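This report looks at contacts between side chains. Please read it with the structure in view.

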Amino acid sequence: MQHELVVLSPEKTILTYRLASLGSRMLAHILDLLILMAMMVMVSVGVSALIGPIDQYLGSGLVMFLAAASPFLYFIFSEGFWNGQTLGKKAAGIRVRMVDGTPITFSSAVGRNLLRPADM
């Protein structure tokens, strides 16, 4: 794998970006998974405490829906609004960029993360 990406800007300036290593990508993803698990535990405890006593089935259904949707929402919103970085990527010092080197757009973050299961 090459270690740098060279891009020619519209102003005819050559820009180089250092590509993230496999180790830093794995570290970022592991940190993101730990953050996601902590968030899901907090949300499920909160939903169970608030809605569980009222309607047990509604609370369970809401927890299952949030458990399925939260990984997508976490990656979409954090990459879309935080300059291509999640909390794990920020800790590892990496970020997502477009092919031409520009910051990722929100619509690109949506497409990239909705296709995440197909990537696996």
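The sections below cover the basis of the model, its salt bridges and its aromatic contacts.

## Basis

This is a predicted model, in which local features need pLDDT of at least 70, side-chain atom pairs count only at pLDDT 80 or more, and totals for chains, interfaces and linings use all residues. Residues are numbered from 1 along each chain as its sequence is written, and side-chain values use heavy atoms, with hydrogens and water left out.

## Salt bridges

Side chains of opposite charge can pair when their charged atoms come close. The structure holds two salt bridges (a side-chain nitrogen of Lys or Arg within 4 Å of a carboxyl oxygen of Asp or Glu). K89 and E79 form one of them, at 2.4 Å from N to O. This pair links helix α3 (residues 87-92), which holds K89, to helix α2, which holds E79, 10 residues apart. Helices are DSSP runs of H or I with at least four residues, numbered from the N terminus.

E79 also forms a salt bridge with R112, with the closest N and O atoms 3.0 Å apart. R112 lies in helix α4 and E79 in helix α2, 33 residues apart. R112 is partly exposed at 38% relative accessibility, while E79 is buried at 0% (buried is under 20% relative accessible area, exposed over 50%, partly exposed in between, with a 1.4 Å probe and protein chains only). Shared partners join E79, K89 and R112 into one network.

## Aromatic contacts

The structure holds four aromatic pairs (ring centres of Phe, Tyr or Trp, its six-membered ring, within 6.5 Å; planes under 30 degrees apart are stacked, over 60 edge-to-face, the rest tilted). Among them is the tilted pair of F77 and F106, 5.8 Å centre to centre with 40 degrees between the planes. F77 lies in helix α2 (residues 56-81) and F106 in helix α4 (residues 106-114), so the pair ties together parts 29 residues apart in sequence. F77, F81 and F106 form one aromatic cluster.

Definitions and conventions: Helices (H or I, at least four residues) and strands (E, at least two) are DSSP runs, numbered from the N terminus.
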